[in-house]
Structures are given as structure tokens and as C-alpha cells.
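Dear colleague,

Please find below the structure I am handing over to you. My findings follow it, arranged by region.

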Amino acid sequence: MVSYYHFQRMNKALPDPGTWEEYFETFLAGKVCWGSWHEHVKGWWEAKDKHRILYLFYEDMKKNPKHEVQKLTEFIEKKLDDKVLDKIVHYTSFDVMKQNSMANYSSIPAEIMDHSISPFMRKGAVGDWKKHFTVAQNERFDEDYKKKMADTRLTFHFQF
């Protein structure tokens, strides 16, 4: 939710998200530009049972990037040696991609993506949501998440 909020703030092709408090309510109601996050995620999670889809989680990529890259190479049935895997891990790290104009969208005109409002690649930190959510918002989000995601075995880790 926090990443979507900052992305929508800086992306001038999207409607202004309003204040964090307003966006929080809009997100929980599933009324963001792309619809309900819960339905979107559950839909793709269910689709993996019918189609060849690899699910990777950002938190896992942060915790053990080489392992996650190896999962990807297995999925695409490609064998890579450790030297190549290490290069991929390096060049796909958040810090390196944040400096790469081909990945960070800094070459897109400010009329479309205004990096002075928020960079496309902000922090890349797991658990940064804690700096945005109030205690009451966290409780509401947890309750809403449990209700909307109850019918799936999909689990997210929102912190390490």
C-alpha cells in the first residue's frame, strides 16, 4: 500500500491519491486505479494452478537474492554458473537498480513521473510501512487482510 501510494503521488498519469489517510481508506475499499489489491493478488495466486506462473516475494528476494534468482533460472529451465548468478544478483540489487536510469525511470519526463515528489525506487526496505501506518491503521489493515485473504493459503511477510 505504501509503495502504491508513493508511486501514485509521483506518477502524473494517475489521479492524485490525496493524503495518506485518504489513500488508506481508498486502498482498503479496493477503489484504487487498478482495483482491489487483494483480488488482484488472489487471482494470480489461483492462476498459478492452471498456468505456468512463478511466484516470487520481495521479502524473499531481499533476504536471499541468489536463492530467488536460482528459482527463476530453474523455472525458465536455464542452467547458470555461480559467476553469472552473482552478476545477476549484483545488477538486480535495489541499490544498483536505483542508480540505473534504465530501471529507475529517471529518464521519463517530470511531467509524467515527478521524481521530486517521490523517486520511482524509494527505499527498497522491508517493513517501511511501519513509518506510515498508525497503530489504528495497522489494526484495521490486519483485520481487513485476514478477512479478504481468508480463502487462500497465500501468506505474505510484511517484515523480517
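**The loop between H1 and H2**

Asn-11 is buried, with a relative accessible area of 8%. Please bear in mind that this is a predicted model. Asn-11 belongs to the loop between H1 and H2. With neighbours within four places in sequence set aside, the residues in contact with Asn-11 are Ile-112 and Met-113. The side chain of Asn-11 also reaches the backbone nitrogen of Ala-13, at 2.9 Å.

Ala-13 is found in the loop between H1 and H2 as well. Is Ala-13 buried or exposed? Its relative accessible area is 62%, and because exposed means over 50%, Ala-13 counts as exposed. In sequence, Ala-13 and His-115 are 102 residues apart, while their C-alpha atoms are 13 Å apart in space.

The buried residues of H3 are Trp-37, His-38, Val-41, Lys-42, Trp-45 and Ala-47. Which helices do the buried residues of H3 pack against? They pack against H1, helix H2 (20-28) and H9. At the start of H3, the backbone nitrogen of His-38 has a side-chain oxygen of Ser-36 within 3.3 Å.

Two of the buried residues of H3, Lys-42 and Trp-45, are also in contact with Thr-152, once the neighbours of Thr-152 within four places in sequence are left aside. Thr-152 is placed in the segment after H9. Its relative accessible area is 17%, so Thr-152 is buried, the cut-off for that class being under 20%. A polar atom of the Thr-152 side chain lies 3.1 Å from the backbone nitrogen of Leu-154.

**The largest pocket**

Rolling a probe the size of a water molecule over the atoms shows where empty space is left. In this model, the largest pocket holds about 1,800 Å³ of space. The elements that each give two or more residues to its lining are helix H1 (2-10), helix H3 (37-47), helix H4 (58-63), helix H5 (65-75), helix H6 (82-91), helix H7 (94-99) and helix H9 (135-148). Which of the elements gives the most to the lining? It is H1, with six residues.

In total, 49 residues line the largest pocket, and those nearest its centre are Ser-3, Tyr-58, Glu-59, Met-61 and Ala-125. Sorted by class, the lining has 32 nonpolar, ten polar and seven charged residues.

**The chain as a whole**

The protein chain has nine helices and zero strands, and its pattern along the sequence reads α-α-α-α-α-α-α-α-α. The C-alpha trace spans about 50 × 40 × 30 Å along its principal axes.

Of the 160 residues in the protein chain, 30% are buried. The accessible surface of the chain comes to about 10,800 Å², and carbon and sulfur atoms account for 55% of that area. Among contacts with a separation of 6 or more, 55% are between residues 24 or more positions apart.

With kind regards

Definitions and conventions. Residues are numbered from 1 along each chain as its sequence is written. This is a predicted model: local features need pLDDT of at least 70, side-chain atom pairs count only at pLDDT 80 or more; totals for chains, interfaces and linings use all residues. Side-chain values use heavy atoms; hydrogens and water are left out. On a 1 Å grid over the protein atoms alone, a cavity is a set of points where a 1.4 Å probe fits but cannot get out, and a pocket is an open set with protein on both sides within 12 Å along at least five of seven lines; lining residues have an atom within 4 Å of a point. Grid points are joined across faces, edges and corners, and a volume is the space filled by probe spheres set on the points. Helices (H or I, at least four residues) and strands (E, at least two) are DSSP runs, numbered from the N terminus. Ala, Val, Leu, Ile, Met, Phe, Trp, Tyr, Cys and Pro count as nonpolar, Asp, Glu, Lys and Arg as charged, and the others, Gly among them, as polar. Buried means under 20% relative accessible area, exposed over 50%, partly exposed in between (1.4 Å probe, protein chains only). Contact means heavy atoms within 4.5 Å. Accessible areas come from the Shrake-Rupley method with a 1.4 Å probe; for residues, only the protein chains shown count as cover. A polar contact is a pair of N or O atoms within 3.5 Å; within protein, one must be able to donate a hydrogen and the other to accept it, and residues adjacent in sequence count only if both atoms are side-chain atoms.
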